[in-house]
Structures are given as C-alpha cells and as structure tokens.
Amino acid sequence: MANSVYQINKGINQSIEFKGLKAQYIWYLGGGIVILMVMFAILYFFGLPSYLCVGIIAAIGTVMVIKIYKMSHKYGEHGLMKALAKKRLPKALRSRTRNLFIKL
C-alpha cells in the first residue's frame, strides 16, 4: 500500500488549511461525513435497498461538501463566527427614561 503525504500547515502563525478548507470547516466536513455514515446505517436498517441508500447519501453528501466549501471560501477562518455574532446585535437601543444618563 502506498503512503500518502498531505501538506496541512501553510506556514508559521497561519491557520490550518487542507485541500481548500480552512480552520473549523475541516471539522464540519468530518462531522458531516460521520452523520452521513450513521444515516446510511439507519436507512439500510429500515430495509431500503443498498443502491438507494448509496444514492441518497451521495446526493446529500455532495450538497453538504459544496455548501461547506462555499462557506469556507466566503467567510474564511473567523468570518462565520463574526457573521453569527453580528446577527445577535440589536439594531437599536431604546431608553424610555433619562435616569440612565443623569446618574453619575
């Protein structure tokens, strides 16, 4: 069996990148693959033909990989966390009383 060598780190003080996936998206893809394997086992356990199970899992897996790669390219290493944090910020702060500004 031939040994495969994969280059993971791109340099000092830079984030991990593997085949175009950056930082946490590697873990998202790994978790998605584990979930797909469990889904295959459940579908097969319920008696669906194995070719149908493979087709369903392949279709879902293809969509999942495309979405994860798009998020990795769009947001980068920390952009997804920043986008989620920005959604949680209120649009405006309202105060119905002046007491907050009067007290020292």
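I started with Gln-24, which is buried, with a relative accessible area of 15% (buried is under 20%, exposed over 50%, partly exposed in between, with a 1.4 Å probe and protein chains only). This is a predicted model, so I kept in mind that local features need pLDDT of at least 70 and side-chain atom pairs pLDDT 80 or more, while totals for chains, interfaces and linings use all residues. Numbering runs from 1 along each chain as its sequence is written, and side-chain values use heavy atoms, with hydrogens and water left out.

I placed Gln-24 in the loop between β2 (21–22) and α1 (DSSP runs numbered from the N terminus: helices are H or I, at least four residues, and strands E, at least two). Not counting residues up to four places away in sequence, Gln-24 touches Glu-77, Leu-80 and Met-81 (contact means heavy atoms within 4.5 Å).

Next I looked up Tyr-25. Beyond its neighbours within four places, Tyr-25 contacts Ile-68, Met-71, Ser-72, Tyr-75, Gly-76 and Leu-80.

Tyr-25 also belongs to the largest nonpolar core, which has 10 residues, among them Leu-36, Ile-57 and Met-64 (a core joins buried Ala, Val, Leu, Ile, Met, Phe, Trp, Tyr and Cys through side-chain atoms within 4.5 Å). The elements giving two or more residues to this core are α1 and α2.

Then I checked that helix pair. Helix α1 (residues 25–45) packs on α2 (residues 50–75) at about 165°, axes 10 Å apart (axes are fitted to C-alpha atoms over the stretch in contact, and angles run from 0 to 180 degrees between N-to-C directions). That makes α1 roughly antiparallel to α2 (over 145 degrees; under 35 is roughly parallel, 65 to 115 roughly perpendicular, the rest oblique).
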